[in-house]
Amino acid sequence: MQNENEGRDHVDRLQAQWAAELPDLNTEPMAILGRAYRLSNLVRPSIEETFASFGIDRGEFDVISTLRRSGPPYRLTPTDLYTLLMISSGGLTHRLDRLQKAGLIQRERSASDGRSSVVGLREKGIALAETAFRADMASESRYLEVLSKEDRTALAALLRKLLISLEQAPPSDPA
């Protein structure tokens, strides 16, 4: 007798349960968005473990990686940072305090506007951002080995299409 769950994932099982309870409801969004959410939750611990092995958390990595990928001289204003990271200015301040204490960033007054400040990566921060990112990409790549190159390309294209539509959509009213 074949196991009824063989070849089925968590989302398939949830959809089957809902189909039994609410047969008139289309649960197709779960097939895509539910899986995206579940994938994120399943890989998050590994990603966090990777960054922890470098003595930083994911939020701190987000800051130093944002600075690093901004290109030389690896400096941004706090406003640019919290806008790019989509976090509050208070949340950014806590991260910056920890990163400065660790010697990864420096904060200084802006040369062009003495009223504002600039956050810059120190050499130690540049090296850590690059090393941690390389380790993260190696770790995440292992999850995708089950997919062929063609599958990965097609999946990335479909997710990009969906994400672009969501990023360009006006904010919706909560129901």
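Is E130 buried, partly exposed or exposed? At 30% relative accessibility, E130 counts as partly exposed, where buried means under 20% relative accessible area, exposed over 50% and partly exposed in between, with a 1.4 Å probe and protein chains only.

Before I continue, a word on the basis of these values. This is a predicted model, in which local features need pLDDT of at least 70 and side-chain atom pairs count only at pLDDT 80 or more, while totals for chains, interfaces and linings use all residues. Residues are numbered from 1 along each chain as its sequence is written, and side-chain values use heavy atoms, with hydrogens and water left out.

E130 belongs to helix α6, residues 123-143; helices (H or I, at least four residues) and strands (E, at least two) are DSSP runs, numbered from the N terminus. In sequence, E130 and I64 are 66 residues apart, yet their C-alpha atoms are 9.3 Å apart in space.

This brings me to the packing of α3 and α6. Their axes come within 9 Å and cross at roughly 105°; axes are lines fitted to C-alpha atoms, for helices over the stretch in contact, and angles run from 0 to 180 degrees between N-to-C directions. α3 is therefore roughly perpendicular to α6, a class that covers 65 to 115 degrees, with under 35 roughly parallel, over 145 roughly antiparallel and the rest oblique. From α3, the contact (heavy atoms within 4.5 Å) involves F61, I64, S65 and R68.

The largest nonpolar core has 22 residues, and V63, I64, L67, L81 and I105 have the most contacts inside it. Such a core is a set of buried Ala, Val, Leu, Ile, Met, Phe, Trp, Tyr and Cys residues joined through side-chain atoms within 4.5 Å. Among the elements giving two or more residues to this core are α3 (58-69), β3 (117-121) and α6. In soluble globular proteins, nonpolar side chains tend to be buried together. Residues up to four places away in sequence aside, L67 touches Y74, R75, L76, L81, I105, V119 and L121.

Finally, consider helix α2, where T50 lies. T50 counts as buried because its relative accessibility is 10%. Beyond neighbours within four places in sequence, T50 is in contact with A132, A135, D136 and S139. Helix α2 also packs against helix α1 (residues 10-21), at an angle of about 145° and with the axes 9 Å apart. H10 and W18 of α1 are among the residues making that contact, as are E28 and R38 of α2.
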